[in-house]
Every structure is written in C-alpha cells, then in structure tokens.
Amino acid sequence: MSQNSEGVILIGGDYNYPPYEFIDDNGEPAGYNVDLTKAIAEVMGMKVAFQMGPWSEVRKALEQGKIDALQGMISSDERKKQFDFTPAHAIIHQSVFARKGMPRISYLHQLTGKEVVVQENGIMHDYLLDNDVGAKLITVQTHADALRSLAAGKHDYALVANLPGLYLGKELGLSNIVPVGQTFQAQRYGYAVLKGREALLAQFSEGLAILKNTGRQQQIYNKWLSPLQDKGFHWQNIGKAAAIISALLLVVLGGTVIWNRMLRREVNRRSAELHIQQQQLIQADKMTSLGVLVSGVAHEINNPAGLLLLNIPTLQDAWQDAEEILEQYYQEQGGFLLAGLPYSRMRNELPQLLEDMQDGTQRIKRIVEDLKDFARQQHDDEIVAFDLNEVAEIAIRLVDNSIRKHTDHFTVEYFKPLPQVRGNAQRIEQVVINLILNACQALENRDKGVSVRTFYDPSDQKIGLEVIDQGCGIEQENLNRLIDPFFTTKREQGGTGLGLSVSSGIIQAHGGLLQFASTPGEGTRVTLLLPT
C-alpha cells in the first residue's frame, strides 16, 4: 500500500500530456485530470497528493503498488486483466500526425513499412504490439518528443492522442505538422487502480458520479478541453468566416440575438436548479450499483433461508415423534445426556430452540425482501397510493442494526388509521431512512434516545412523520444550510452533504415540506409533511 499513515492517497500522472495533465510553468501539477482529482477529493473528503513523471514510469509505479491510482488511463481488454477502471470521465481519440505533404492515413494497415513514433507503454504502443500492422515502431517518453522528432524531419508518422497532439503542436509552434486523416479509436479514459483496490475505486467512482450529476465535471471539461476544440476550427480558417457572418447577423438581428440570449440564460438557470434539486442528486449511479449488489446477495441468502424454512418444520415433527420414546427411556433408565446436555433440560429447551430458528429465518427472509424493494430501480412517474405507516415500518427494519448500535431508547408511534398519499413510496422510504440514520448518528451515547411518530392534521389535509433525537443539536447558523448540496458537519466521518439535499428534493417533488428545529446540546426535531 502506498497510502501513507496520514491517509493521503498518492495519484500518478503524465508530466507532459496537456491539456489532460502536465507540469505547469510554476512546477505544479495542472490540467483537466488534476482539477478533476482535486474536485473529487473535495466532495469525498479525501486527501490526495500527486506524483507526475514520464508515462512509462508512473504506469510501472502503479503496477508495483508505489502509487494508489492513475488519474487518466485508457481502458482496454488487455489492461483490464491487471487494472480496474472507473466509469470514463473523457473519451480520447487518436490521430496520425505527419509533415505537410505526406499521404493521408485512413486505416492503420496503411502504416505498413513506415517508421511510426509512439509513446512508450501508451495505449497505441500496446495496440500496435498486439495487432502487428508491419510498421517500425519508434518509442519516446512523451507526445511532445514524438511531435518534435516528426517536425525535425525524422521518421514518417506519429501516432498520438488527438487533443494533446493539437495542443502541443500549437504550443511548440510546430507549423509543419498536421493531422492526416480523421480521428479514430475512440477510447474510454478514466481512473485506474490495481486489481483488489475495490474500496478506493468505489470512492473515485462515487465522487465522479457526484461531479457529473451536479455539472461540476462539465465545468472542468469546458475550462480545459472546449477552448482547444474551438482552436481547431481557427486552424481550418473557419474563424474568420464565422466572424464576418456573425457581424452581419448582429447588424440585421441584433435585438433578436440579445433577446434569445436572455431567454437562453433564464432557461439554463431554471433547468440547472431543477437538475440539481430533483434529479441529479439522487445519485443514480450509486443506487444502480446497490441494486445489482443487493439482487445478487438476496439470491444467495434466499436459497439457504428457503432450505431452513423447509427443513425446520421437519425437525420439529421429528422431535415430537421422538419425544415420547425418549421420555419413556428417561422414566425407565433415568437421566442421560442429549447433545452434551441433560435430557431433563433439553426436553424443555429444544422445542424453543427450533421455534427461535424458525422465527429468525422468517426475519432474514423479510429483511432480504425489504432490501430488494428498497434497491429496486423505479421511475419517477411510478405514482401509486401508499401508507406512510408501512413505509416507516420497512425503513425501521432496514436500519434496525444502526438503531441498536447507537441507542437503547428507540420508540415509535403510528397514527391509525392514516390516510393514504400518492407518490413514489420508494423515494419516501429513502427519505425516512436518511432521517433516522442522521438522528442515530447525532447521539452522543446510548442513553440518549430517538423517537419516531406519524400523525394526521385534518385541518390542513396533511399527514406527517416526525423524527426526534436527543443528540448534539445543530447551531442556528447551520440550520438554514442543512439542505444545501455538499454542506455537512460530518466531513471527517465520510459525509458528503448530499443526504438532506436529496431528501428535500424528493419531498418537494411530492408537494411536501421538510421542517427542522434544533437546540444545541438538547437535540433536533425533523418534520416531514405530505399532502393527502
């Protein structure tokens, strides 16, 4: 393990692969990958440090476990035998670069007999080794080395990533080299860890999902990659023509353009608000992964549980049949041992043991079904009538272990009969689970309690659920920020600040309301209100 005792995760990167990752003029790591890693570290509460170097060296460092992860690596079937990858955070296209006047390349087999420069241990080096096209490979440490060599009149072609090639050609002033042919080999580019580092991979995958769902990853992408893509059009002399056309349009349609921009900004602003509050913070990627996991676990648990439910009644019948014979033997021969215990004791305890086993197996089956229902993916338009009492009962069963871990004083009170409400019961169940877990985590010791109750207010035609804890309470200045995305007072304990923000969005989508009241040192009351 390269992670040090202070919990710092060591991230490797190519020191000369702009605009994705490179060392800037101040000697500091910079680029799209670096900003993305810093953002993931922020939302996930991780500490990271960067180790930049030649690609072949940082890749070898990962293989040897000297670093924890590479922040940018193209996945392939061969590489997946050694590494695990997060979902892609970019798509890399490859291009063939050549000096002006060289023939165009549309297919890799056209490189047969040519001298082709590639980055050592890069994806195209791996590809050409695995798929021999008859080219003579010249390996270099960086994309910049490949392009400089080509510009100096050495070799025939360079096979490098498209955007880094365009970027370096512009930055180094290599005006005599150009891409020859269309881009190809669209490849998935993401974080990579050694096989067996599932927990670390999950942290990066979850952090990346949060950045994607909140639009922050797109902002970083636009900062580093969109401007470069725009420069590609200038190289094709489209910029000048576009400027002339734009000037003419501004003269003729100036007022219309301004009005359209104002409308577009307002639509984008409102869309972003809805995007954050209602959908994207639901953490769809995480719930999908949970659904797959629970489905598999439930299948594995249900099989032995079903076997127990089938066999325990048979054991109970067998005991009843044997009890008369054992009792007669006891009366005639006196005391004897059964399973290491006196028969006089076992004849009273064994029926109860079998009954307890039957009840425990039934409880396992019920919990597994609750977990399957909770993790099952539902569409937001699956609106049905449901009973809030039933939703609360299921939620309490799912978090029963956390409740017992944190308190000896948990009470629940159900208002009956409770009018039904229409909505997505699974989403409301997610909210109730989050409120109860927050209440348990706020307790300072097991002597403090948590209470849950449902109620009905006929005057307002609302039903509600109230969760009260005797925990540490919340400071007044923080009370109004509880539903802000990424605000949390439990960052060091792994909190992301998304729970209450997601819950508030769910309740608002149901036409309801979340209310908070708290006194520091005394506890917190959270009230969930829904219209009947």
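**A helix pair and a strand with two partners**

Mentor: In this predicted model, the axes of helix α1 (residues 32–44) and helix α6 (residues 198–214) come within 9 Å and cross at roughly 100°. Two packed helices are described by the angle between their axes and the distance between those axes. An angle from 65 to 115 degrees counts as roughly perpendicular, and α1 and α6 are therefore roughly perpendicular to each other. On the α1 side, the residues in contact are Leu-36, Ala-39, Ile-40, Val-43 and Met-44. They meet Gln-203, Phe-204, Glu-206, Gly-207, Leu-208, Ile-210 and Leu-211 of α6. Sorted by class, this contact of α1 with α6 has 9 nonpolar residues, 2 polar and 1 charged.

As for the strand, β20 (residues 462–469) is mostly covered, with 6 of its 8 residues buried. β20 pairs with strand β19 (residues 449–457) in the antiparallel sense, over 8 bridges. One of the paired positions is Asp-457, whose bridge partner in β20 is Lys-462. The two strands β19 and β20 form a hairpin with 4 residues between them. In that turn, Gln-461 has a positive phi of about 55°. β20 is also joined to strand β22 (residues 523–531) by 8 bridges, and β20 and β22 run antiparallel. In this pairing, Asp-469 stands opposite Thr-524 in β22.

Note on methods
Residues are numbered from 1 along each chain as its sequence is written. This is a predicted model: local features need pLDDT of at least 70, side-chain atom pairs count only at pLDDT 80 or more; totals for chains, interfaces and linings use all residues. Side-chain values use heavy atoms; hydrogens and water are left out. Axes are lines fitted to C-alpha atoms, for helices over the stretch in contact, and angles run from 0 to 180 degrees between N-to-C directions. Angles under 35 degrees count as roughly parallel, over 145 as roughly antiparallel, 65 to 115 as roughly perpendicular and the rest as oblique. Contact means heavy atoms within 4.5 Å. Ala, Val, Leu, Ile, Met, Phe, Trp, Tyr, Cys and Pro count as nonpolar, Asp, Glu, Lys and Arg as charged, and the others, Gly among them, as polar. Buried means under 20% relative accessible area, exposed over 50%, partly exposed in between (1.4 Å probe, protein chains only). Two strands pair if DSSP finds at least two bridges between them.
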